[in-house]
Amino acid sequence: MRHLFIKLLFLLPIALLATSCVTRQYRNQPVSVFMPLEQPALFEGTYLNENGILVEMLYLDKKKGREIADDIDFVTLTWDGKDHLIASATTEKGNFTYRIQRKKNASYFQKSSTFLVPFPPLYMQHDHREIQLGTDSISDLLLYYWHPGGGMVLLVAGGGADQRDYRFNRFDPRDSDVWYPSKEGDKWGYKRGDRWMISPQYEYARLFQDDLARVKQNGKWGILRKDGKMLTPFQYDRIDPFYIHPYGGVIGIDPPADKYDPEVYIIAKVYRNGKEGYIDHEGKECIPARYETIRYFDDGVAKARLNGRKVTVTYRK
């Protein structure tokens with residue numbers, strides 16, 4: 001047993017070095033070039049968290065949990081005048097901030113995390129995620145996302161990488177046709193520009209996804225239409241964003257061209273009295289809220305738990 005332990009200690013740095021080298025070899029140059037960061041305040045301002053991309057890339061969900069990430073519609077970026085960019089957001093549960101450090105001698109701010117699973121010599125995983133925030137000549141905010149990963153199974157190493165860039169422009173309600181939630185006193189409603197489109201009357205309100213929005217009243221959530229009428233009454237403890245089924249992704253993101261279906265299903269996960277289900281884009285409970293848990297659908301199938309037993313739920317429109 002002692003000899004086995006010594007061998008594992010010997011193999012650990014070798015496996016770590018191998019997986020790290022595999023991970024690093026997949027790092028390429030950023031997709032876009034950042035402008036010199038002479039004035040970080042150039043991209044200070046408020047940005048729309050469209051389709052949840054900005055929050056996810058900023059790791060706000062890592063810090064506060066997925067529920068808070070889903071509860072953010074706007075992110076405000078400010079510079080502390082030194083070495084940090086401060087991301088702040090308002091949620092139903094209050095305000096919070098998140099700090100991103102400036103990369104030394106670089107034209108961007110950077111945040112990264114590394115995850116390591118060591119079980120040499122059978123298995124080793126090295127997972128690295130990194131975001132870089134700056135600006136370029138065609139957008140107010142440029143976010144570069146890099147996710148390389150390497151692993152080793154029985155001393156055979158392999159890996160890959162995902163890298164993308166996203167561009168955002170500041171949200172200015174005076175120059176936008178977006179119906180955005182706004183608060184007056186202790187009630188929320190919707191404005192377009194400076195004009196109230198739906199008067200303040202809700203405990204909390206979320207951005208419209210196409211023509212539907214999640215609103216809260218008397219502790220319960222429902223679905224509101226742009227004509228001010230309720231599509232779904234206030235009956236749920238929580239409603240997740242609508243997403244496209246069976247392709248995945250939040251509503252508003254087009255499915256892959258080779259999988260496009262004009263009859264795409266749009267559904268949202270709902271929670272009521274400790275049970276979970278789904279509603280469709282017409283407000284109907286297409287999957288009854290009777291499961292202890294139910295996961296997101298993948299190609300029409302979702303794993304769930306009903307009365308303590310694992311079950312499979314199929315949804316076809």
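# Aromatic rings and nonpolar cores: a tour

Start by selecting Phe 74, Phe 171 and Tyr 180, which form one aromatic cluster. Rings of Phe, Tyr and Trp (its six-membered ring) pair if their centres lie within 6.5 Å; planes under 30 degrees apart count as stacked, over 60 as edge-to-face and the rest as tilted.

The model is predicted: local features need pLDDT of at least 70 and side-chain atom pairs count only at pLDDT 80 or more, while totals for chains, interfaces and linings use all residues. Residues are numbered from 1 along each chain as its sequence is written, and side-chain values use heavy atoms, with hydrogens and water left out.

Across the whole structure, a search finds 11 aromatic pairs. Select Phe 43 and Phe 109 for one that is edge-to-face, with 6.3 Å centre to centre and 80 degrees between the planes. Phe 43 lies in the loop between helix H1 (2-25) and strand E1 (45-48) and Phe 109 in strand E5 (residues 109-119), so the pair ties together parts 66 residues apart in sequence. Helices (H or I, at least four residues) and strands (E, at least two) are DSSP runs, numbered from the N terminus. Both Phe 43 and Phe 109 are buried, a term for under 20% relative accessible area, with exposed over 50% and partly exposed in between (1.4 Å probe, protein chains only).

Next, select Tyr 190 and Phe 208, a tilted pair at 4.7 Å centre to centre and 55 degrees between the planes. Tyr 190 is in strand E10 (residues 187-192) and Phe 208 in the loop between strand E12 (204-205) and strand E13 (212-217), 18 residues apart. Tyr 190 has 0% relative accessibility and counts as buried; Phe 208 is buried too, at 13%.

The criterion is NZ of Lys or CZ of Arg within 6 Å of the ring centre and within 35 degrees of the ring normal. Arg 238 places its charged end over the ring of Tyr 271, 4.4 Å from the centre.

Finish with the cores, sets of buried Ala, Val, Leu, Ile, Met, Phe, Trp, Tyr and Cys residues joined through side-chain atoms within 4.5 Å. The largest nonpolar core has 24 residues, and Leu 58, Leu 133 and Leu 143 have the most contacts inside it. Elements that give two or more residues to this core include helix H2 (53-57) and strand E7 (141-153). Apart from it lies another core of 22 residues, among them Tyr 202, Ala 205, Phe 208 and Leu 224.
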